Amino acid sequence: MTGLFISFEGVDGVGKTTQVNRLHNYALERGLQPLVTREPGGTPVGLAIRELVLHGIAAFPSFAVTGGSDVVEEGDDLGPRTEALLYAADRAQHVSQVIRPALQRGQLVVSDRYVDSSLAYQAGGRELTVDDVRGLSTWATHGLMPRRTYLLDMDPELSHARLRHQLDRLEVEGDDFQRRTRDEFLKLAEAEPERFVVLDANQSPDDIWQRIRRDFDALTAESGISGSSEQDSR
Ligand code: TYD
């Protein structure tokens, strides 16, 4: 398959989206045709799944009516296996509808989260086994993996303090969950050093970006993906 597939990973609040946007703009300046997407929620079906995984059944009040009032009981929340299957379902749709067709057209695809988030959150955080979660994602994606994964690493206690929105189901989990998630990301990076670039997310956004840009320039040269009008790098 042609094209170039890149993912960004990290615990919540590390500044992934800022770097995804910078890479998007840079790729546009270089005349590439980037397709920037995210998980969960990179397709219409995925958006419905996103509501369910991030907010539980409370996202669908009409299903949560019990005894004439809107009562959401604790037992109504998603079980860990259900949650893992929903993220895998989102990914299956995302790969078949968006990512694979774009790669087949030779495009650059940048995804804000991909398989490693499932391994870190559902296996590391929720304590399903890595093998089980990997098996699910491999099946869902027919084994499609990114060529490069930028992991923004930071102590989750610090990154969570930066969050400005109402917290979702994963973000309200306690410190232990967040720490296990971060540790799992680091383990994954250690196991695949040729795919991962680990970036210290305590650095300034500009410093992080310079590192990504240099790596991205080398990657595009090596992969042969090219733009119509190369411009001076920033
Ligand atoms: P994200 O879209 O990054 O959150 P936000 O919109 O708040 O920036 O991701 C939503 C949450 O889903 C995040 O807490 C991580 C979690 N997640 C998993 O647990 N497993 C997965 O496979 C993916 C893709 C995300």
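User: Which polar side-chain atom lies 3.2 Å from an oxygen atom of the ligand?

Analyst: One from Glu171. A polar contact here is a pair of N or O atoms within 3.5 Å. The protein also covers 89% of the 550 Å² of accessible area that the ligand has on its own (Shrake-Rupley method, 1.4 Å probe). Keep in mind that this is a predicted model, where local features need pLDDT of at least 70 and side-chain atom pairs count only at pLDDT 80 or more, while totals for chains, interfaces and linings use all residues. Residues are numbered from 1 along each chain as its sequence is written, and side-chain values use heavy atoms, leaving out hydrogens and water.

User: What is the average pLDDT of the protein?

Analyst: pLDDT is the predictor's confidence in each residue, from 0 to 100. Here the average is 90, and 90% of the residues score at least 70.

User: Which residues come nearest to the ligand?

Analyst: A residue is near a molecule if one of its heavy atoms lies within 4 Å of it. There are 16 residues around the ligand, and Arg50, Tyr87, Arg113, Ser118 and Gln122 come nearest. Arg50 has a polar side-chain atom 2.7 Å from a ligand oxygen, and a side-chain N or O atom of Arg113 also sits 2.7 Å from an oxygen of the ligand.

User: Which helix gives the most to that shell?

Analyst: Helices are DSSP runs (H or I, at least four residues) and strands are too (E, at least two), numbered from the N terminus. α4 gives the most, with four residues. At least two residues each come from α2 (44-55), α3 (80-104) and α4 (115-125).

Terms used. A polar contact is a pair of N or O atoms within 3.5 Å; within protein, one must be able to donate a hydrogen and the other to accept it, and residues adjacent in sequence count only if both atoms are side-chain atoms.
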